[in-house]
Amino acid sequence: AGAEAGDFDQARAVARSITDPDRHALVLASLARAAAKAGDQDQADALAGQAEAAARAINHPGWQAQVLADLAGAAGDQDRADAVAGQAEVAARLINDPGWQARVLADLARTAAKRGDLHRAVTTARAITGPGRQAQVLAELARAATEAGDLERAAALAGQAVTAARAITDPYRQAQVLAELARAATEAGD
């Protein structure tokens, strides 16, 4: 609540009182995102540095990857965002739960796309092993490419999304994802 109102000192004090290392790092990452969103990049960078240090102390790759993925989105500097995203990808590949791994990789792909790094976003999306999630993220990236005016890349990504969707073995889920892709193509004017 303190971070939403812009009182990052109070929010940081509350975060310091959290003794669980995973939660402590997650709260610091959340505060870094809130500071970045509020336009206080100096505060965001300071909080991100603390969260990054706390994340390195996390032994569970899933929690570590989640914190680092959050930090990649809050970083004000492109080089730092790339470095943190790279650390998050390494940790994400160690996650044993395929659904959790896919969520973290999808978050990283979306973050890279928002930062304008469509190449990294696509590379990360292709690392998603679940065809349904991969298809959805590739479709999102196709829309981002369309919005950026890169229609050739958008068409290629849309085709890759359809290919991934066709690999879904559950017929209902496959139809659902293909319908979402068709709807997205219609909205994009394809």
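A72, Q78, A81, D82, A85, L108, T111, A112, R115, D117 and R120 line the largest cavity. This is a predicted model, in which local features need pLDDT of at least 70 and side-chain atom pairs count only at pLDDT 80 or more, while totals for chains, interfaces and linings use all residues. Residues are numbered from 1 along each chain as its sequence is written, and side-chain values use heavy atoms, with hydrogens and water left out.

**View 1. The largest cavity and its lining.** Rolling a probe the size of a water molecule over the atoms shows where empty space is left. A cavity here is a set of points, on a 1 Å grid over the protein atoms alone, where a 1.4 Å probe fits but cannot get out; lining residues have an atom within 4 Å of a point. α5 (78-92) and α6 each supply at least two lining residues, with α5 giving the largest share, four. Helices are DSSP runs (H or I, at least four residues), numbered from the N terminus. By class, the lining has five nonpolar, two polar and four charged residues. For these classes, Ala, Val, Leu, Ile, Met, Phe, Trp, Tyr, Cys and Pro count as nonpolar, Asp, Glu, Lys and Arg as charged, and the others, Gly among them, as polar.

View 2. A pocket is an open set of points with protein on both sides within 12 Å along at least five of seven lines. D70 sits in helix α4 and is buried, with a relative accessible area of 17% (buried means under 20%, exposed over 50%, partly exposed in between, with a 1.4 Å probe and protein chains only). Leaving aside neighbours within four places in sequence, D70 is in contact (heavy atoms within 4.5 Å) with L26, A29 and R33.

**View 3. T111, on the lining of the largest cavity.** T111 belongs to helix α6 (residues 98-114). Its relative accessibility is 18%, so it counts as buried. Setting aside neighbours within four places in sequence, T111 is in contact with A72 and G73.

**View 4. W63 and W100, an edge-to-face pair.** A pair of aromatic rings is described by the distance of the centres and the angle of the planes. Rings of Phe, Tyr and Trp (its six-membered ring) pair if their centres lie within 6.5 Å; planes under 30 degrees apart are stacked, over 60 edge-to-face, and the rest tilted. The count comes to one aromatic pair. W63 and W100 are 5.4 Å centre to centre, with 80° between the planes. W63 lies in helix α4 (residues 61-74) and W100 in helix α6, so the pair ties together parts that are 37 residues apart in sequence. W63 is partly exposed at 25% relative accessibility, whereas W100 is buried at 16%.
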